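Let's take a guided walk through a protein model, one piece at a time. Keep the structure open beside you while you read.

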Amino acid sequence: MEKRFDDERSGNEKDCGVVHLKDLDTEFMVCMLDPISLKAVIEKWSHHLLTRKNQSNFDFFLTSEPVGEIRLTSALGGGLIEDASSASRSGGGRVLLIEDCVETSAAFVLHHLIKRTLSPPHSSAALIIFAAFAHPFSHYDRILRKMGCNLAVQRDNKRFVFLDMLTFECPDGDGGGTFGGGLVELYGKIQKAVEVSIVNGGSRSISIMIDDISLLEVAAKGSSNHVLDFLHYCHTLTTEIGCSLAVLNHEDIYSRMERPNLILQMEYLAEVIIKVEPLATGLATDVHGQLTVMNKRNFDGPLRKKSNFHFRVKENNVEYFYPGSRT
Amino acid sequence: MAELICRALRDGALDGEHAPALTIKDSIDSPFGPHVFNHVLAQLSANILSAKSQSQLRVLDGYTDPLGWKVRLMECGNISNRSPEASNTVRLCNDVRDLDKLSLSIIELGRELVGQGKGRFSVAIDSRLYYTLSNLAGINSRLFASSNEIKNELSCHAMLSCYQVSCAFWLLHSDLHEVRVTAALEYMSSMLANIEPMARPTNVQRGNSVNLSLLEQNSNKGKFHARLKRRNGRVRLMSEEFCIEPSGIKFTAVSSDDGMITQSLVPKVQFNLQLSEEERIERAKVVLPFEHQGMHANLSFY
């Protein structure tokens with residue numbers, strides 16, 4: 001069930017966003033709302049919100065303050081990110097590209113995706129296949145534990161398949177030519193995990209995550225062609241089985257290249273691009289950077305939408321807010 | 001104009017001449033090539049149907065397993081067979097790098113449709129994703145060495161001169177390939193559909209938010225430039241605008257308030273030759289201190 005607040009959109013469609021009220025028993029999602037529209041929506045649907053406000057999986061909560069001063073935790077960026085990653089639930093695989101730079105890491109976006117995917121109500125039907133080129137399992141385990149998600153337990157429950165690629169190296173740099181090693185074998189592991197999950201548990205929501213592409217390229221001995229071969233095969237899983245694919249890439253590595261084919265190809269492939277950048281005005285205490293989400297495919301058509309938020313990475317979570325709403 | 005292109009594809013090749021070929025070219029600033037491709041494919045199919053001939057579709061699937069990884073993994077027992085099985089309508093291609101085999105497969109599929117007689121078939125190459133069949137059109141400048149690119153173009157050329165090919169069209173993302181590769185394909189094509197954004201980023205640096213805001217401006221519309229080469233050598237240039245709607249792509253004439261062409265004709269000087277509309281209105285509002293009062297108006301003294 002999906003309802004749409006047409007009346008909220010009709011007034012000011014460009015500034016105001018879209019509210020997707022999915023099945024109230026499972027999911028409530030707010031996307032791209034300015035504060036005024038959000039207030040209107042909250043007023044209209046306050047009954048539902050009040051009945052759900054104690055649920056821990058809710059992305060935003062009501063405070064004791066008046067409705068107009070609703071505090072957002074991760075309803076803005078988090079909602080969009082989750083919207084972007086809800087591939088299998090929306091009936092088709094999606095490719096999510098996360099781009100960051102050395103000044104501002106986007107690792108928190110991946111952590112958010114892992115946490116949301118493995119949290120109720122989706123956890124029972126979710127599977128994450130995580131190819132880690134950047135950090136060992138203990139790193140992700142510590143971070144996610146702080147966020148309230150025990151990765152070790154999820155791994156034991158076969159909900160989190162961790163592929164440790166720290167020491168991975170393609171033999172003679174050839175990912176496609178040599179069988180039995182390299183990227184072909186890695187792809188084989190991923191597809192095997194997908195098949196086992198389907199046969200055993202019938203997972204409805206399978207996410208493949210890669211952290212990160214630039215290190216995958218290093219492992220492929222600098223051959224971006226082989227990386228693209230590998231990503232193409234991962235992409236076939238999104239269309240054949242409905243998996244979602246989320247990859248992290250460091251954009252500034254390619255900033256001096258005249259034609260960064262790897263990035264361009266990924267941007268063509270991705271349906272959602274999440275870009276994490278530092279503020280143009282420099283470092284700030286309260287704002288750690290800005291997050292831009294571009295959704296090429298909306299629910300109701302091929303129109304692309306862009307949202308921009310500022311964020312602040314905290315110890316256990318990330319705070320998102322509109323530019324200028326914090327002084 | 002898009003209709004003109006579709007009609008030219010429908011009319012097909014004349015005896016002893018190359019088949020008409022269309023290159024659809026887009027870029028990351030306006031990645032709507034797939035929409036145009038789908039539109040052309042649908043129109044061509046509808047045109048064939050309206051001519052009372054039977055429109056059939058054969059698919060050479062170079063997407064599912066382009067390098068044969070899945071076949072090899074299945075042979076080793078690492079994965080099970082989940083790929084769609086080859087059928088009469090779909091044939092799998094497990095090595096898109098073998099260009100001779102690939103072009104042969106296309107012609108074989110076409111001949112299965114129309115037989116060895118005088119029947120003709122159309123070829124559509126959807127290369128929206130990474131190298132899927134794109135090397136046939138010579139547009140994969142990355143995967144293969146330069147010598148192979150030339151070979152690709154030759155393969156494409158050979159296909160156009162195949163006497164049973166009625167027309168061919170393909171899609172390419174221009175920024176993924178070397179300029180000479182796209183230029184060679186444009187020379188080979190009798191028609192070029194170039195998709196451009198409504199507004200271009202002034203800052204050439206990639207990845208900043210300014211560019212993204214421009215992307216939002218270009219979110220569902222763009223410009224459609226077409227270049228048609230006639231048999232006598234004349235080249236016709238046309239422009240349209242398009243808008244992507246949930247129902248499909250809609251083409252419209254270039255809006256009259258678009259002063260791009262007029263502006264480009266005005267010589268570039270350091271001063272303004274004309275007043276803008278706003279300036280003209282502002283000028284009309286200015287009250288001059290000694291204004292002519294007219295012959296019969298009351299005299300005013302300042």
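What follows is a short tour of helices, a sheet and a few single residues.

## Getting your bearings

First things first: this is a predicted model. Let's start with chain A, whose secondary structure comes to 11 helices and 12 strands. Of the 327 residues of chain A, 46% count as buried.

## Helices side by side in chain A

Now find helix α8 (residues 182-200) of chain A, and then α10(A). Their axes come within 10 Å and cross at roughly 15 degrees. An angle under 35 degrees counts as roughly parallel, so that is what α8(A) is to α10(A). The crossing of α8(A) with α10(A) is right-handed. On the α8(A) side, the contact is made by A:L183, A:L186, A:Y187, A:I190, A:Q191 and A:V194. Facing them from α10(A) are A:H226, A:D229, A:F230, A:Y233, A:C234 and A:L237. Sort the residues of this contact by class and you get nine nonpolar, two polar and one charged.

Next, look at helix α10 (residues 224-240) of chain A together with helix α11 (residues 261-269) of chain A. These axes also come within 10 Å, and they cross at roughly 10 degrees. Because of that angle, α10(A) is roughly parallel to α11(A). This crossing, too, is right-handed. From α10(A), the residues making the contact are A:S224, A:V227, A:L228 and A:H235, while α11(A) brings in A:N261, A:L262, A:Q265 and A:L269. What classes of residue make up the contact of α10(A) with α11(A)? There are four nonpolar, four polar and no charged residues.

## A sheet in chain B

Over to chain B, where you'll find an open sheet of seven strands. Reading across, the order is β4-β5-β1-β6-β7-β8-β9, and the pairing is mixed. The edge strands of chain B are β4 (121-125) and β9 (248-253), each of which pairs on one side only. From one strand to the next, the twist averages 20 degrees.

As a reminder, strands of a sheet pair through backbone hydrogen bonds, either parallel or antiparallel. You can find both kinds here. β1(B) and β5(B) run parallel and are joined by six bridges, with B:A21 standing opposite B:A168 in β5(B). β1(B) also runs parallel to β6(B), this time with four bridges, and the bridge partner of B:T23 in β6(B) is B:L192. For the antiparallel sense, look at strand β6 (residues 191-197) and strand β7 (residues 221-229) of chain B, which pair over seven bridges. One spot to check is B:I195, whose bridge partner in β7(B) is B:F224.

## Inside and across the sheet

Is β1(B) largely enclosed or largely open? Six of the six residues of β1(B) are buried, so the strand is largely enclosed by the rest of the structure. In a regular strand the side chains alternate between the two faces of the sheet. In β1(B), B:A21, B:T23 and B:K25 point one way, and B:L22, B:I24 and B:D26 point the other way. The residues on both sides are buried.

Now look for helix α2 (residues 33-50) of chain B. This helix lies across β1 (21-26), β4, β5 (165-173), β6, β8 (235-245) and β9 of chain B. Compared with β1(B), α2 of chain B runs at about 155 degrees.

## Two residues up close

Start with A:V276, which lies in strand β9 (residues 272-277) of chain A. A:V276 counts as buried because it has 24 C-beta neighbours inside 10 Å. Leaving out residues up to four places away in sequence, A:V276 touches A:E99, A:D100, A:T104, A:A106, A:V109, A:G289 and A:L291. A:V276 and A:S244 are 32 residues apart in sequence, and their C-alpha atoms are 20 Å apart in space.

Finish with B:L92, found in strand β3 (residues 90-92) of chain B. B:L92 has 21 C-beta neighbours inside 10 Å, so this residue counts as buried too. B:L92 and B:Y63 are 29 residues apart along the chain, and 8.5 Å separates their C-alpha atoms.

Conventions
Residues are numbered from 1 along each chain as its sequence is written. Chains are lettered from A and ligands numbered from 1 in the order in which they are written. This is a predicted model: local features need pLDDT of at least 70, side-chain atom pairs count only at pLDDT 80 or more; totals for chains, interfaces and linings use all residues. Axes are lines fitted to C-alpha atoms, for helices over the stretch in contact, and angles run from 0 to 180 degrees between N-to-C directions. Helices (H or I, at least four residues) and strands (E, at least two) are DSSP runs, numbered from the N terminus. Angles under 35 degrees count as roughly parallel, over 145 as roughly antiparallel, 65 to 115 as roughly perpendicular and the rest as oblique. A crossing is left-handed if the near helix is turned anticlockwise from the far one by less than a right angle, and right-handed if clockwise. Two residues are in contact if their C-beta atoms, placed from the backbone, lie within 7 Å. Ala, Val, Leu, Ile, Met, Phe, Trp, Tyr, Cys and Pro count as nonpolar, Asp, Glu, Lys and Arg as charged, and the others, Gly among them, as polar. Two strands pair if DSSP finds at least two bridges between them. A residue is buried if 20 or more other C-beta atoms lie within 10 Å of its own, exposed if 12 or fewer, and partly exposed in between; C-beta atoms are placed from the backbone.
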